[in-house]
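Keep the viewer open as you read.

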Amino acid sequence: MKFRSGQGLDVHKLVAGRPLVLGGVTIPFDRGLAGHSDADVLVHAVCDALLGAAALGDIGQHFPDSDPAYRDIDSLVLLAETGTLLADAGYAIGNIDAVVIAQAPKIAPYRSQMQQNLARTLRIEPGQVSIKATTTEGLGMFGREEGIGALSTVLIEKV
């Protein structure tokens, strides 16, 4: 099979006392995401989508939260390693499409930098990365600002 697609999903709870990191960008906000690493849900969703597309497992398998080596790690480091795993398996990235689900903060002012961060880390062109954001119109855990989530879909090609 020459082309393969993958999906990734990640959700983390918002908590006081942590920085909010999305797409490798630290966003000024009164809370951050709880997690073993920097809890960057956008990057984690992209990692899972890429790993899944290549049938290489998932982010927890490669970077377990039980391993102290990944404590507070920059998720872009995990993304770079994911890119290496993909290349070693003979795959190239066609495109990444991702959406951040958050009532607040607004993502639009940071979208371009997030896109640049993911592209640079994976050694692809920024035009291969699409990042969008949505709210849930005040509904559910996202609407109550209890957490932030991200979904990602990717296309990879066997080279």
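In this predicted model, the largest nonpolar core has 43 residues, and Leu 22, Leu 50, Leu 79, Ile 148 and Ile 156 are the ones that touch the most other members. A nonpolar core here is a set of buried Ala, Val, Leu, Ile, Met, Phe, Trp, Tyr and Cys residues joined through side-chain atoms within 4.5 Å. Buried means under 20% relative accessible area, exposed means over 50%, and partly exposed is in between, using a 1.4 Å probe and protein chains only. At least two residues of this core come from each of strands E2 (20-22), E3 (25-27), E5 (91-101), E6 (129-134) and E7 (147-158), and from each of helices H1 (41-53), H3 (75-88) and H4 (111-122). H1 gives the largest share, nine residues. These labels are DSSP runs numbered from the N terminus: helices (H or I) have at least four residues, strands (E) at least two. In soluble globular proteins, nonpolar side chains tend to be buried together.

Beyond its neighbours within four places in sequence, Leu 22 is in contact (heavy atoms within 4.5 Å) with Ile 27, Leu 33, Asp 40, Val 41, Leu 42, Val 100, Ile 107, Met 114 and Ile 148.

Next, the charged pairs. The structure holds six salt bridges, each a side-chain nitrogen of Lys or Arg within 4 Å of a carboxyl oxygen of Asp or Glu. In one of them, the side chains of Arg 18 and Asp 72 meet at 3.5 Å, N to O. Arg 18 sits in the loop between strand E1 (3-15) and E2, and Asp 72 in the loop between helix H2 (59-62) and H3, so this pair ties together parts 54 residues apart in sequence.

Which residues are linked in a network of salt bridges? They are Asp 30, Arg 31 and Glu 145. Arg 31 meets Asp 30 at 3.3 Å, N to O, and Glu 145 at 3.1 Å, N to O. The latter pair links distant parts of the chain, 114 residues apart: Glu 145 is in the loop between helix H5 (140-143) and E7, Arg 31 in the loop between E3 and strand E4 (32-33). Arg 31 counts as buried because its relative accessibility is 18%, whereas Asp 30 is exposed at 57% and Glu 145 is partly exposed at 26%.

A few notes on the numbers: residues are numbered from 1 along each chain as its sequence is written, and side-chain values use heavy atoms, leaving out hydrogens and water. Local features need pLDDT of at least 70 and side-chain atom pairs count only at pLDDT 80 or more, while totals for chains, interfaces and linings use all residues.
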